[in-house]
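Student: I have a structure that is new to me. Could you take me through it step by step?
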Amino acid sequence: MKVLLFGATGMVGQGVLLECLRDERVEQVLAVGRTPVGRQHAKLREVVRPDLSDLSPDDLAGYDACFFCVGVSAAGMREADYRRITYDLTLAVVRQLSDLTFVYVSGQGTDSSEHGRMMWARVKGATENALLALPLRSFMFRPGFIQPMHGVRSKTRLYAAIYRASGPLFPMLRRLFPRHFTTTEVMGRAMIEVAAHGTPKRVLETPDINKIGATG
């Protein structure tokens, strides 16, 4: 399997990249991002572009799956700016793809009606709905709290500090709230499994992700 990976320098993307490099089913990964991933591996190639929507068809041809892990926090952002990064960029990329499996990292609480009070949830809902309407094998991943594994770190200072402080509590929290917790490792394994074998559900919540990732 050949995989396109967008957002490989973010926390989720780092975890997905690690699993792709470890999994024998993945023969090649093309990491597409604004900055280099800072890692070398026989399977790994990179395309670095300041504008991720400015890609040539040759950059994206010949792949079996696309894992789209690009995302930003909506805190302090205007809806128009958040929509440009979340909705517009995603659709600009996906419209250049064909005949592959597209896995989009959304979030727990996404508003499919697009009319709720939470801005980020409305925009994520609109993005999901647009993807699901396209003639593409697409799957929406809606993780809740994600525990970074194997040295993965968030680029956001506040989030990184929260993860460091709460790290010792993760095992207990996962036992108490299993429907809301997953890990970067499980996310990556679940994406690879969905790309390889599909799944009946196209919108996957945390329990679905954990179940698939446990068997991947």
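This is a predicted model: local features need pLDDT of at least 70, side-chain atom pairs count only at pLDDT 80 or more; totals for chains, interfaces and linings use all residues.

Student: Let us begin with the helices. At what angle do helix 1 and helix 7 pack?

Tutor: Helix 1, residues 11-22, packs against helix 7, residues 184-197, at an angle of about 60 degrees. Their axes are 8 Å apart.

Student: Are helix 1 and helix 7 parallel or oblique to each other?

Tutor: An angle under 35 degrees would count as roughly parallel and 65 to 115 as roughly perpendicular. At about 60 degrees, helix 1 and helix 7 are therefore oblique to each other. Their crossing is right-handed.

Student: And what about helix 3 and helix 4, at what angle do they cross?

Tutor: Helix 3 and helix 4 cross at roughly 15 degrees, and their axes come within 10 Å. These two helices are therefore roughly parallel to each other. The crossing of helix 3 and helix 4 is right-handed.

Student: Changing topic to charges. How many salt bridges are there?

Tutor: The count comes to twelve salt bridges. In general, side chains of opposite charge can pair when their charged atoms come close.

Student: Which residue does Arg 25 pair with?

Tutor: Arg 25 forms a salt bridge with Glu 193, and the closest N and O atoms are 2.8 Å apart. The two residues lie in distant parts of the chain, 168 residues apart: Arg 25 is in the loop between helix 1 and strand 2, while Glu 193 belongs to helix 7.

Student: Is Glu 193 buried or exposed?

Tutor: Glu 193 counts as buried because its relative accessibility is 17%, and the cut-off for buried is under 20%.

Student: Which residue does Glu 128 meet in a salt bridge?

Tutor: Glu 128 meets Arg 142, with 2.6 Å from N to O. This pair also links distant parts of the chain, since Glu 128 is in helix 4, residues 119-133, and Arg 142 is in strand 6, residues 137-142. They are 14 residues apart.

Student: How accessible are Glu 128 and Arg 142?

Tutor: Glu 128 has a relative accessibility of 1% and so counts as buried. Arg 142, at 7%, counts as buried too.

Student: What does Arg 49 pair with?

Tutor: The side chain of Arg 49 meets that of Asp 59 in a salt bridge, at 3.2 Å from N to O. Asp 59 counts as buried at 15% relative accessibility, whereas Arg 49 counts as partly exposed at 26%.

Student: Which residues are linked in a network of salt bridges?

Tutor: Glu 19, Arg 22, Glu 185 and Arg 189 are linked in such a network.

Student: Where is Ser 113?

Tutor: Ser 113 is in the loop between strand 5 and helix 4. Ser 113 is partly exposed, with a relative accessible area of 43%. The C-alpha atoms of Ser 113 and Asp 88 are separated by 18 Å, and the two residues are 25 residues apart along the chain.

Student: Last topic, the surface. Which residues form a nonpolar patch?

Tutor: Met 172, Leu 176 and Phe 177 form a nonpolar patch on the surface, and together they have about 290 Å² of accessible area.

Student: Where is Leu 176, and is it buried or exposed?

Tutor: Leu 176 is found in helix 6, residues 170-176. Leu 176 is exposed, because its relative accessible area is 54% and the cut-off for exposed is over 50%.

Technical notes
Residues are numbered from 1 along each chain as its sequence is written. Side-chain values use heavy atoms; hydrogens and water are left out. Patches are made of residues with over 30% relative accessible area and no salt bridge: like charges are joined within 9 Å, nonpolar side chains (Val, Leu, Ile, Met, Phe, Trp, Tyr) within 5 Å. Accessible areas come from the Shrake-Rupley method with a 1.4 Å probe; for residues, only the protein chains shown count as cover. A salt bridge is a side-chain nitrogen of Lys or Arg within 4 Å of a carboxyl oxygen of Asp or Glu. Helices (H or I, at least four residues) and strands (E, at least two) are DSSP runs, numbered from the N terminus. Buried means under 20% relative accessible area, exposed over 50%, partly exposed in between (1.4 Å probe, protein chains only). Axes are lines fitted to C-alpha atoms, for helices over the stretch in contact, and angles run from 0 to 180 degrees between N-to-C directions. Angles under 35 degrees count as roughly parallel, over 145 as roughly antiparallel, 65 to 115 as roughly perpendicular and the rest as oblique. A crossing is left-handed if the near helix is turned anticlockwise from the far one by less than a right angle, and right-handed if clockwise.
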